[in-house]
Amino acid sequence: MDKLKQRIIEEGVVVSEEVLKLDKLLNHQVDPELMMELGRELAERFRDEGVTRVVTVESSGISIAFATAYALGVPLVFARRKKTLLEEADMLQERVPSFTKGIVTDILISRDLINAQDRVLFIDDIIANGDAAKGLIKIVERSGAKLVGAGIVVEKCFQSGAKAIRDQGIRLETLAKIKSLENGQVIFAE
């Protein structure tokens, strides 16, 4: 996706050799037209999988997950990071660290939103260490649903998350693979 790569180069900010800030593009400000285009691309990659639900983690994955769910014509379910007063006691829950936030949180999905009849597609904006993805995969497994794969906008190849997901035998599709952020430069793989 050349358009995505160009936008990453133009609008991304390399904070360190491990951190790329994409606030103007993906996770603070969102370009709706670009998100819908990216969502259509991810949807096409998983079109033949019989997806019945798209899942993501609150909050930065919601825009791309929405666009993908819309293109597939299925509901979007996002894992909350905080319990609310209206939450039921019996939630699917997993504790996960956040690489960018530097904290550990619980992610939760109501048991009545995904079940054993579902074919679930996990969508997110960025995969670094993969902790959120691993936590959400555990929740999907506990629900009895079938995880058909994961679609990610940006894969940081120099961190372990994508490899760990692929090593579990899970199909992982990414739209832009970043090989390195050395010397303040975004270097794409492939």
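Contact here means heavy atoms within 4.5 Å. Keep that in mind, because "touches" is used in this contact sense throughout. And a reminder: this is a predicted model.

Let's start with L20. L20 touches I8, G12, V13, V14, K156, I178, L181 and V186, leaving aside residues up to four places away in sequence. L20 sits in strand β2, residues 20-21. Is L20 buried or exposed? Its relative accessible area is 9%. The cut-off for buried is under 20%, so L20 counts as buried.

N27 belongs to helix α2. With a relative accessible area of 25%, N27 is partly exposed. N27 touches L22, S60, D125 and I126, again not counting residues up to four places away in sequence. As for K156, its bridge partner in β9 is I178.

Six strands make an open sheet, in the order β4-β3-β7-β8-β9-β10, with mixed pairing. The edges are β4 (76-79) and β10 (187-188). Each has a single partner strand, so one side of each is left without a neighbour in the sheet. Inside the sheet, β8 (residues 146-156) and β9 (residues 172-180) pair in the parallel sense, over six bridges. Helix α1, residues 2-11, packs on the sheet and touches β8, β9 and β10. Its direction makes about 40° with that of β9. Helix α4, residues 62-72, lies across β3, β4, β7 and β8. It runs at about 145° to β7.

Now the interior. Nonpolar side chains tend to be buried together in soluble globular proteins. Here, the largest nonpolar core has 30 residues. Those with the most contacts inside it are L4, I8, L38, V54 and L121. Helix α3 gives the most to this core, with six residues. L121 touches, among others, F46, V54, L72 and V148, not counting residues up to four places away in sequence. Apart from this core lies another, of 26 residues, including V55, A79, A150 and A162.

Last stop, helix α5, residues 131-143. How far apart are its end C-alpha atoms? They are 19 Å apart. At 1.5 Å a residue, its 13 residues should span 18 Å, so the two agree. Its buried residues are A132, A133, G135, L136, I137, I139, V140 and S143. Just after α5, G144 takes a positive phi of about 90°.

Methods: Residues numbered from 1 in each chain as written. Predicted model: local features only at pLDDT ≥ 70, side-chain atom pairs only at ≥ 80, totals over all residues. Heavy atoms only, no water. Helix = DSSP H or I, 4+ residues; strand = E, 2+ residues; numbered from the N terminus. Expected span 1.5 Å × (residues − 1). Buried < 20%, exposed > 50% of the residue type's maximum accessible area, 1.4 Å probe, protein only. Pairing = 2+ DSSP bridges. Axes fitted to C-alpha atoms, helices over the stretch in contact; angles between N-to-C directions. Core = buried A, V, L, I, M, F, W, Y, C linked by side-chain atoms within 4.5 Å.
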